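Take a walk through this model with the sequence at hand.

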Amino acid sequence: MNILQINSSARSNGSESTRLADALVAKISAANPGAAVTRRDLAAQPHPVLDEVALQALFTPADQRNADQAARVALDDALIAQVQAADVVVIGAPTYNFGITAQLKTWFDAIARAGVTFKYGPTGPVGLLTGKKVYVALSRGGIHRDAPTDTQLAHIKMFLSFVGLTDVQYVFAEGLGMGPEAVAKAQSQAEAEINAILV
């Protein structure tokens with residue numbers, strides 16, 4: 001089994017979403033001896049944003065790219081290859097200002113490649129990253145679950161489905177900015193959710 005862990009906090013250390021992603025990976029690994037784990041920390045290993053230079057490189061035919069363009073596309077290719085090789089994907093996803101982090105958005109932009117991770121068919125888009133299990137650990141300072149303020153979850157669900165990642169389970173830690181008691185409660189509930197989905 002190949003496990004890919006994506007940490008999308010802006011902090012490399014001390015992130016609750018990363019702590020929960022670590023817990024998920026540890027539990028999955030314990031149940032699957034010999035599992036290989038690849039960790040991509042998007043704070044420690046920042047990926048370049050999708051800008052004009054990147055778009056020009058991506059839309060230039062491969063055999064016509066200059067060295068800089070080929071190198072830029074290769075960075076995205078490496079992230080795509082990691083997802084393609086994974087049997088299980090674990091994403092640590094904190095909420096920043098009601099949405100996903102810039103780091104996670106950059107990863108989404110990197111792995112969304114027409115003809116590679118999705119294509120358009122007669123009835124619309126078809127995701128090509130199929131047959132994988134995904135776990136997403138969401139951390140929030142406030143409480144947004146099932147509320148209009150939770151734009152993050154809708155974005156994540158839509159994107160993962162778009163690229164074919166449809167077997168997804170979510171773990172929530174909410175109220176982390178509401179004092180020590182709320183933090184303890186959030187962590188306890190999140191750990192219970194992990195134990196429930198990974199029996």
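**Charged pairs, packing and loops**

Asp76 and Arg72 are 4 residues apart in helix 3, so about one helical turn separates them. This is a predicted model. In it, Asp76 and Arg72 form a salt bridge, with their closest N and O atoms 2.9 Å apart. Are the two partners buried or exposed? Asp76 has a relative accessible area of 3%, so it is buried. Arg72 is at 11%, and because the cut-off for buried is under 20%, Arg72 is buried as well.

Helix 3 covers residues 67-85, and it packs with helix 4, residues 102-111. The angle between them is about 85°, and their axes lie 8 Å apart. Helix 3 is therefore roughly perpendicular to helix 4. Which residues make the contact? Helix 3 supplies Asp76, Leu79, Ile80 and Val83. Helix 4 supplies Trp107, Ala110 and Ile111.

How many salt bridges does a search of the whole structure find? The count is 10. One of them joins the side chains of Glu174 and Arg140, at 2.7 Å from N to O. Glu174 sits in the loop between strand 7 (167-173) and helix 6 (180-197). Arg140 sits in the loop between strand 6 (133-139) and helix 5 (151-162). The pair therefore ties together parts that are 34 residues apart in sequence. Glu174 has a relative accessible area of 15%, which means it is buried. Arg140 is buried too, at 1% relative accessibility.

Within it, the side chains of Arg19 and Glu16 meet at 2.8 Å, N to O. Both residues lie in helix 1, which runs over residues 16-31. They are 3 residues apart, about one turn of the helix. How do their exposures compare with the cut-off of 20% for buried? Glu16 has a relative accessible area of 13%, so it is buried. Arg19 has 30%, so it is partly exposed.

Next, the backbone. Where is Asn97? Asn97 is in the loop between strand 3 (88-94) and helix 4. Asn97 has a positive phi of about 50°, although it is not a glycine. At 75% relative accessibility, Asn97 counts as exposed. Phe98 is found in the loop between strand 3 and helix 4. Phe98 has a positive phi of about 75°, and it is not a glycine either. With 46% relative accessibility, Phe98 counts as partly exposed.

The last stop is the surface. Which residues make the nonpolar surface patch of about 320 Å²? They are Leu50, Leu55 and Phe59. Leu50 is in the loop between strand 2 (36-41) and helix 2 (52-58). At 37% relative accessibility, Leu50 counts as partly exposed. Membership of a patch requires over 30% relative accessible area, and Leu50 is at 37%.

Terms used. Residues numbered from 1 in each chain as written. Predicted model: local features only at pLDDT ≥ 70, side-chain atom pairs only at ≥ 80, totals over all residues. Heavy atoms only, no water. Patch = residues over 30% accessible without salt bridge, like charges linked within 9 Å, V, L, I, M, F, W, Y side chains within 5 Å. Areas by Shrake-Rupley, 256 points an atom, 1.4 Å probe, with all protein chains shown as cover. Salt bridge = Lys/Arg side-chain N within 4 Å of Asp/Glu carboxyl O. Helix = DSSP H or I, 4+ residues; strand = E, 2+ residues; numbered from the N terminus. Buried < 20%, exposed > 50% of the residue type's maximum accessible area, 1.4 Å probe, protein only. Axes fitted to C-alpha atoms, helices over the stretch in contact; angles between N-to-C directions. Parallel < 35°, antiparallel > 145°, perpendicular 65-115°, else oblique. Contact = heavy atoms within 4.5 Å.
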